[in-house]
Amino acid sequence: MNAPDEPAKHTPDTASAPLASRLPNVGTTIFTVMSALATEHGAVNLGQGFPDFDCDARIVDAVTEAMRNGHNQYPPMAGAAPLRQAIARKIEAMHGHRYDAESEITVTAGATQALLTAILATVHPGDEVVVIEPTYDSYLPSIELAGGKPVFVTLEAPDYRIPFDKLAAAITPRTRLLMINTPHNPTGTVWHAEDMRRLEEIVRNTNVLIVSDEVYEHMVYEGAPHESVARYPELAARSFVVSSFGKTFHVTGWKIGYVAAPAPLTAEFRKVHQFNVFTVNTPMQMGLATFLRDPAPYLELPAFYQRKRDFFRAGLAGTRFRLLPCEGTYFQCVDYSAISDLPEVEFSQWLAREVGVAAIPVSAFYHEPHESGVVRFCFAKREATLAAALERLSRL
């Protein structure tokens with residue numbers, strides 16, 4: 001007991017002092033909501049962007065072999081040297097730009113961690129970050145955590161082409177970072193060579209840095225090349241190039257990605273990287289390094305996914321959906337205005353409940369309400385899965 005002349009000791013009442021959220025506007029994502037609806041109603045889930053088929057057994061064997069060979073302790077902070085070397089060779093072979101494996105390649109815990117780390121490493125409170133929307137949902141929370149101010153350039157249906165005049169006007173002396181994404185999630189559009197050259201002109205004579213989200217780099221169709229910023233020396237000199245083995249090799253649950261950037265940018269990136277993940281699991285890195293010796297799995301990927309795209313589009317052509325272009329990614333956007341005048345979120349919920357197919361409203365990828373009557377389907381699925389979805393959608 002306290003002595004009579006001692007003040008009582010109080011335990012803080014945390015309920016009376018609620019935590020002030022760092023991300024007050026973040027709630028349950030539309031992906032979680034739609035997947036839950038799909039499960040509840042037995043819907044074919046074409047919402048979330050991951051395959052429902054197995055990866056190449058050889059990559060699993062390579063990881064297993066790495067474990068058996070004792071690669072089970074911490075790798076270097078920047079990533080296992082054999083994997084970084086394999087990444088450098090791959091980028092050089094595809095895009096003609098040689099990154100130094102030791103000082104310019106970092107292995108990350110997926111692309112989302114790479115994006116957050118690049119933003120935290122470069123953006124100071126009050127800095128402006130230009131965001132092209134619709135946009136992947138991690139960009140804005142990452143900018144908010146860094147204290148940055150997003151400046152939006154909006155793409156419009158149905159073609160979602162870059163409005164370069166508006167992009168140029170968005171760049172000011174306060175701009176620290178520009179976020180680009182090609183091939184683009186959710187719209188399936190890609191940047192072309194003329195787009196990259198226009199971007200060069202816009203950022204020339206500025207201090208703007210670029211984060212180039214290229215996780216769908218091996219899903220560009222009709223024989224077109226992926227136009228990485230690494231192909232353009234002026235852009236490469238100011239860019240963080242982000243990619244994902246999870247997307248490329250159908251192993252999204254492994255959460256392995258990488259960032260390629262000039263040495264000064266990489267040095268700043270690694271200062272943050274070492275304190276938010278330090279490093280990434282060793283056997284998967286070593287297994288990937290082995291698997292990358294054969295380029296066929298990623299060189300054949302465009303044809304693999306184009307067949308799925310074409311099968312799905314052919315099936316949708318017989319419905320009342322209007323197909324939007326799909327130049328890349330494994331997402332197909334459709335206009336449903338001939339079917340319903342419901343807002344996109346409500347239409348997506350109705351589609352899951354009443355038709356039995358889950359989609360994602362494209363409006364969810366904008367920072368404020370923006371209705372176009374467009375939803376996104378994921379076609380990274382087995383043909384039987386796509387056929388089941390198409391059978392249901394054909395009833396509309």
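Contact means heavy atoms within 4.5 Å. This is a predicted model, where local features need pLDDT of at least 70 and side-chain atom pairs count only at pLDDT 80 or more, while totals for chains, interfaces and linings use all residues. Residues are numbered from 1 along each chain as its sequence is written, and side-chain values use heavy atoms, without hydrogens and water.

**Glutamate 128**

Glutamate 128 sits in strand β3 (residues 128–133). Strands (E, at least two residues) and helices (H or I, at least four) are DSSP runs, numbered from the N terminus. Glutamate 128 counts as buried because its relative accessibility is 5%; buried means under 20% relative accessible area (1.4 Å probe, protein chains only). Beyond neighbours within four places in sequence, its contacts are Lys149, Val151, Thr172, Arg174, Thr175, Arg176 and Leu177.

**Cavities**

A cavity is a set of points, on a 1 Å grid over the protein atoms alone, where a 1.4 Å probe fits but cannot get out; lining residues have an atom within 4 Å of a point. A volume is the space filled by probe spheres set on the points, which are joined across faces, edges and corners. The whole structure has two cavities of 30 Å³ or more.

| Cavity | Volume |
|---|---|
| Largest cavity | about 120 Å³ |
| Second largest cavity | about 60 Å³ |

Among the 17 residues lining the largest cavity, Ile132, Ile162, Asn181, His184 and Trp191 are the closest to its centre. Strand β5 (residues 175–181) supplies the largest share of this lining, three residues.

The second largest cavity is lined by Ile91, His95, Glu214, Glu217, Ser228, Val241, Val242, Ser243 and Tyr258. β7 gives the most to that lining, with three residues.

Notes:
Buried < 20%, exposed > 50% of the residue type's maximum accessible area, 1.4 Å probe, protein only. 1 Å grid on protein atoms, 1.4 Å probe; cavity = no way out; pocket = protein on both sides within 12 Å on 5 of 7 lines; lining within 4 Å.
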